Amino acid sequence: MRKSIHEVLIQTYDILSELNKLQQLFFENKIIARRANKMTIENYIDERFFLWSQSGTCLNLREYMSRIHYADTQNADLWKDVDADLFSERALSNLEFYYNIYKFIGTHIYADDNLQFELSLYLPIESIIEALMDQLSVQAVNVGKDKYIVVSSNDEAVAIAENEFDQSKSVAVLKFNHFKVSGDLEAKRQILMKLYHDFDAGQQREKGTAADDFCYIMNSANIRHNNSERNGHSITDGMSPDQIENVYNCAYRLYLKAKFDIEYMNELKPMVDQYKNPT
């Protein structure tokens, strides 16, 4: 059986050890000082916790960590003998947490002239985070104010999101690759619905195009509506959840291809035609 990328990484790269380094740097080492008062990153965040847009109704960082089901890297029971998918989900969740905290600190430290950092301990944080993202083939993207999500590296999706004027649709493009959506059929269906809404295929709806195939799947796989209720047949009838997710993933890739095709026809092709036939 073919191994997933996460199974390979778990066997070849000590992800847990690197995450544990971050946990120590954030919660154990006193690497920030204000005059004679030394503190951990956790202490510093708790001082400014309510300035953080993600604090919600939580009272401190520990309560927030409980809410997001943070997995303690020093608790062996949470990591030992778990399957690759659960290991990956916990690792990515922790990494996303650290990235958001690190970015929050970066936007606030310059407002306090009295702060000093133990640079030998603070500077490695960014290097460890970047190395983990590189090994796990993920990237962090901003989805509003000071909130970042960690998604699978997908240059095509990022390019589409950056060119999307509708902020909510831009976020939807990126969230399809978020680790928490993997395996969640309803979440993926809702994202596809968001992408389909006001989908302007225009002249790209000719038979055989990505836009035409995207619309076909959206209308034939119980995504836009329940085909059975319309006395019809769904292409997903009799499929397992994993097979249905593959159909949804296919629809997503078709959407990206269709958006690039539309950009080509509306923006790039006229430019190339002008180069070919200058007036």
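I started at M65, which is buried at a relative accessible area of 6% (buried means under 20%, exposed over 50%, partly exposed in between, with a 1.4 Å probe and protein chains only). The model is predicted, so I kept its limits in mind: local features need pLDDT of at least 70, side-chain atom pairs count only at pLDDT 80 or more, and totals for chains, interfaces and linings use all residues. Residues are numbered from 1 along each chain as its sequence is written, and side-chain values use heavy atoms, with hydrogens and water left out.

**M65**

I placed M65 in helix 4, residues 61–67. Helices here are DSSP runs of H or I with at least four residues, strands are runs of E with at least two, and both are numbered from the N terminus. Leaving out residues up to four places away in sequence, I found M65 touching F27, Y70 and F97 (contact means heavy atoms within 4.5 Å). I also looked up M65 against N94: they sit 29 residues apart in sequence and 9.3 Å apart in space, C-alpha to C-alpha.

**Whole chain**

I counted 11 helices and 5 strands. Of the 279 residues, 45% are buried. Among contacts with a separation of 6 or more, 60% join residues 24 or more positions apart. The chain exposes about 16,000 Å², and carbon and sulfur atoms supply 48% of that. Accessible areas come from the Shrake-Rupley method with a 1.4 Å probe; for residues, only the protein chains shown count as cover.

**Helix 2 and F26**

Helix 2 has 13 residues and reaches 18 Å from its first C-alpha to its last, close to the 18 Å expected at 1.5 Å a residue. The expected span is 1.5 Å times one less than the number of residues. I listed its buried residues: I15, E18, L19, N20, L22, Q23, L25, F26 and F27.

I then took F26 on its own. F26 is buried, with a relative accessible area of 2%. Not counting residues up to four places away, F26 touches T40, I41, E42, Y98, I101, Y102 and I125. F26 and I41 are 15 residues apart in sequence, and their C-alpha atoms are 5.0 Å apart.

**Helix 2 against helix 5**

I asked at what angle helix 2 and helix 5 pack. The angle is about 35°, with the axes 11 Å apart, for helix 2 at residues 15–27 and helix 5 at residues 84–108. Axes are lines fitted to C-alpha atoms, for helices over the stretch in contact, and angles run from 0 to 180 degrees between N-to-C directions. From helix 2 the contact uses I15, L16, L19, L22, Q23, F26 and F27; from helix 5 it uses F87, A91, N94, L95, F97, Y98, I101 and Y102.

**Helix 6**

Helix 6, residues 119–136, has 18 residues and reaches 26 Å, close to the 26 Å expected. I noted Y122, I125, I128, I129, L132, M133 and L136 as its buried residues. S137 follows helix 6 with a positive phi near 55°.

**Positive phi**

Most residues other than glycine have a negative phi. I looked up two more exceptions. H69 has phi near 60° and lies in the loop between helix 4 and helix 5. H69 is exposed at 66% relative accessibility. N222 also has a positive phi, about 60°. N222 sits in the loop between helix 10 (210–220) and helix 11 (241–276). N222 is partly exposed, at a relative accessible area of 24%.
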